[in-house]
Amino acid sequence: MEHKYVVDARGEQCPIPVVKTKKVLDSIQGEAVVTVLVDNETAVQNLTRMGKTAGAQVASQKMGEHEFEVTLTVHDSWEEKTDSREETVCIPDVKGNLVIAVDTAVMGRGNDELGKVLMKGFLFAVTQLPELPKTMLFYNGGVLLTTEGSDSLEDLKSLEAQGVQIKSCGTCLNYYGISDKLKVGEVTNMYDIAETLASAAKVIKP
């Protein structure tokens, strides 16, 4: 039977959220879902890193201006998976000045169904990068990835919770008639897109 726990670490700075969460996880036997409430992006990053290192499934979401929720799903005994647990280490904000610009809902040319699979895989891979992008821009067909029905919303919400700016072109949303279906990030304009690209240390376009 799956057990559910809630850890309220709001108002706490690293390493306290990680320590509190580990204490709960250490007491778990079998399957469990632990929901951690925090109020800063760095805590989300550290909890995500800790959970993934130990083999838990991790999802995170920005609930409000300073409200974040990190969910760790453990399928086996946490104790078994963490016999050689590393010491709790706090890492600073791991966002560089990398910008990812997405102008289509598919990746590569050829078969669009394959392209959708590749794009979903790419966006998941971004969540695993040791240094997260500072901003992700979505324009033209790319806005289909940030709106209702997208298979990548969970990954994008996780990135947003960790402080990555998710921005979708307002003109593009209007053109496709999906302005009211935006599910992650914020609406932006072409001036901001141009400024963001011009000031980036590196731009990746999948």
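**Close-up views of a predicted model**

Tyr176 is partly exposed, with a relative accessible area of 34%; the class lies between buried, under 20%, and exposed, over 50% (1.4 Å probe, protein chains only). This is a predicted model: local features need pLDDT of at least 70, side-chain atom pairs count only at pLDDT 80 or more, and totals for chains, interfaces and linings use all residues. Residues are numbered from 1 along each chain as its sequence is written, and side-chain values use heavy atoms, with hydrogens and water left out.

**View A. Tyr175 and Tyr176 form an aromatic pair.** A search of the whole structure finds one such pair. The two rings sit edge-to-face, 5.4 Å centre to centre, with 90 degrees between the planes. Rings of Phe, Tyr and Trp (its six-membered ring) pair if their centres lie within 6.5 Å; planes under 30 degrees apart are stacked, over 60 edge-to-face, and the rest tilted. Tyr175 counts as exposed, because its relative accessibility is 70%.

**View B. Strand 7 pairs with strand 6 and with strand 8.** Helices (H or I, at least four residues) and strands (E, at least two) are DSSP runs, numbered from the N terminus. Strand 7 covers residues 165–169, and four of its five residues are buried. Strand 6 (residues 135–138) runs parallel to strand 7, over four bridges. Two strands pair if DSSP finds at least two bridges between them. Which residue of strand 7 is the bridge partner of Leu137? Lys167 is. Strand 8 (residues 186–188) is also parallel to strand 7, joined by three bridges. Here Ser168 stands opposite Val187.

**View C. Helix 6 links strand 7 to strand 8.** The chain leaves strand 7, passes through helix 6 (residues 170–176) and reaches strand 8 in a right-handed β-α-β crossover. Right-handed means that, with the strands pointing away from the viewer, the path from the first strand over the helix to the second runs clockwise. Strand 6, helix 5 (residues 153–161) and strand 7 also make a right-handed β-α-β unit.

**View D. Met119 lies in helix 4, residues 112–127.** Is Met119 buried or exposed? Met119 counts as buried, because its relative accessibility is 0%. Leaving aside neighbours within four places in sequence, its contacts include Val102, Thr104, Leu145 and Pro206. Contact means heavy atoms within 4.5 Å. Met119 and Pro206 are 87 residues apart along the chain, yet their C-alpha atoms are separated by 7.9 Å.
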